[in-house]
Amino acid sequence: MNSGPEIVVVRTGVANTAAVLAALRRAGTRPVLSDRASDVRDAGAVVLPGVGSFGSGMRALADLGLDAALRDRVRSSRPTLAICLGMQLLGLESAESPGVEGVGAIDARFERFDGDVRVPQIGWNDVEVEPAARILAGGDAYFANSFRTLDAPQGWTCGWATHGVAFVAGFERGAIVACQFHPELSGAYGAQLIERWIDAARREVFAC
Amino acid sequence: MLKRRVIPCLDIDGGRIVKGLRFASLRDAGDPVERATLYAAQGADEIVLLDVSATLEGRGAQLATITAVRERIAIPLTVGGGVHDEAGARALLEAGADKVALNSAAVADPGLITRISRRFGAQACVIAIDAARVGEGWRVRVRSGSTATSRDAVEWAREAESLEAGEILLTAWDRDGTRSGYELELLRRVASRTRIPVIASGGAATARHMVDALRAGADAVLAASIFHDGETSVADVKRILLENGMEVRA
C-alpha cells in the first residue's frame, strides 16, 4: 500500500521525466505519469517537471488543457512541485518566448541571464533561503537554466542564488514549491527537499 | 556562486566500461551502474556516459544502461555516442539522460545542434569536440577520433555556440589517455571565445592537472581512467581543488 498521497507527474511530451520519477521512487512513493487535466487538477500531489523552451512547454500544456488545471491547483493551494521550466511556466511570461502567456498562477516574469557569466547556467550553485522556508533549504543545488527572475513573487517565501546577480532559486507557500534548480538531480540535498515536500503534501491531503 | 564540477566519464561498450589510450586498445574497467553509484557517493557532480560501441549489439545495450544508471544516481547524466537525429536524442533523454552529447553527426550536419537545442532546450544539448593539434592550431576529429577533418576546433566551438549548443565537452584527442595533463592552450582559446560552459577532457592524471584546466578557463573537468583505476577518488580530487582555491560542491 502506498503510504503517501497519489503523486502525478505531468507528462507534457517535452520534458524528460525519467529522473523525476526515479527520485520520487527513491523517496518511497509510486508516482504515475499523466497528461489528463482531471488528474492534474485533482491528484493529491502533482509534479510539473520541465525542460525545453517556455513556448513549447506552454503549447504542450495548453493543448492538453493543463494550464487551467494547474492554475486552479495553485490558487487552491494544492500540493505541487514545479521544477525548472515548470516553475517558469507557472509565471506570467518569459523573454525566451515573447508573446506567449504563462499559466499565470504566480506573479513572475523571466528574463535571460546577462552580464559576465556563462549561459546557460549549468552546475551546482549555493541556495540561501528566507527564514520562513519550510521545504526549501540552504545548500548546493543543480541548475541548468538560461532564464531567471530577479523579483520575489508577492506572498511567497523565497530561496536565492547568485549567477552574476542574485536571482530567485525557488519559492514556496504551504505545500506548493517551485524550484529553478533540479531537486531530482541535486544529490542528497535534493532528495531531502523532495522528502520534505512529500511530507507537507501528505499533511495537506490528510488534513482535508 | 557556481561551483567547479568534477565529472567522471564512463566509456561504454556493450554495457561495460572500457577505457583505453586514444580511444583504442580498450580494456574492461567494470560495471557502469556500480561505478556511477560509487562516483556519485564520492561527490561526483555529474556523470558522462559515452557509448563507444562499434557494433549494433553494443549499441542495443545503451538504453538499458542509461535506465539502470538513472534509477540509482541523483546527479545529472550526460550521454553521447551515436546520436544522429532528434529521435535518437529523444530516446536517450527518455531513457534517463539529462543531456545528450553530439559529435560526428553535428560535424556532418551542424543544423542538428539547433534542432536538438530548440526541441529539448540548450541545457540538454552538449557539443562534444575531439580536437587534435595540427601545426599552431587544433583540428576537429570525428568517428571516435579515427577520422581527421580540416575544421578548426576553436572556430567549430564558436559555431556550435551560435547554433545554440548549451555546453562544450572539449577533448584533446591526442592527449586522451596519455596522462600528460589537459591541453591548456586549447582550453584557454575556447573558453575565452565562447560564453557557454566548457568541460575539459583528455589527459588528466592528477588533481593538479585539473587545477590547471580550471585556471585556464574550464568550468568543469572530466576524467576517466584515474578514477576507474582507483588511483584517486572524486572526494580526494575535490579536496585538492578546494585547497587550491577552487569552489567545489561539498
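What is the order of the strands in the open sheet of three strands in chain A? The order is 5-6-9, with mixed pairing. The views below come from a predicted model, in which local features need pLDDT of at least 70, side-chain atom pairs count only at pLDDT 80 or more, and totals for chains, interfaces and linings use all residues. Residues are numbered from 1 along each chain as its sequence is written, while chains are lettered from A and ligands numbered from 1 in the order in which they are written.

View 1. Strands here are DSSP runs (E, at least two residues) and helices are runs of H or I (at least four), numbered from the N terminus. Strand 5 and strand 6 (residues 109-112) of chain A run parallel, paired over two bridges. Look for Glu93(A), whose bridge partner in strand 6 is Arg109(A).

**View 2. Helix 7 (residues 184-193) of chain B has Leu186(B), Leu187(B), Val190(B) and Ala191(B) as its buried residues.** They cover an arc of only 120 degrees around the axis, so they sit on the same side of the helix. The arc is that of the directions from the helix axis to the C-beta atoms. A residue is buried if 20 or more other C-beta atoms lie within 10 Å of its own, exposed if 12 or fewer, and partly exposed in between, with C-beta atoms placed from the backbone. The packing partners of these residues in chain B include strand 7 (125-134), helix 6 (153-162) and helix 8 (207-215).

**View 3. Ala157(B) lies in helix 6 of chain B.** Ala157(B) counts as buried because it has 25 C-beta neighbours inside 10 Å. Not counting residues up to four places away in sequence, Ala157(B) touches Ile129(B), Ile168(B), Val190(B) and Thr194(B); a contact means C-beta atoms, placed from the backbone, within 7 Å. From Ala157(B) to Ile168(B) the C-alpha distance is 7.2 Å, at 11 residues apart in sequence.

**View 4. The largest nonpolar core has 156 residues.** Such a core is a set of buried Ala, Val, Leu, Ile, Met, Phe, Trp, Tyr and Cys residues joined through C-beta atoms within 7 Å. Among those with the most contacts inside it are Ile168(B), Leu187(B) and Val221(B). Beyond its neighbours within four places in sequence, Val221(B) is in contact with residues including Val6(B), Ile7(B) and Met210(B).

How values were computed:
Two residues are in contact if their C-beta atoms, placed from the backbone, lie within 7 Å. Two strands pair if DSSP finds at least two bridges between them.
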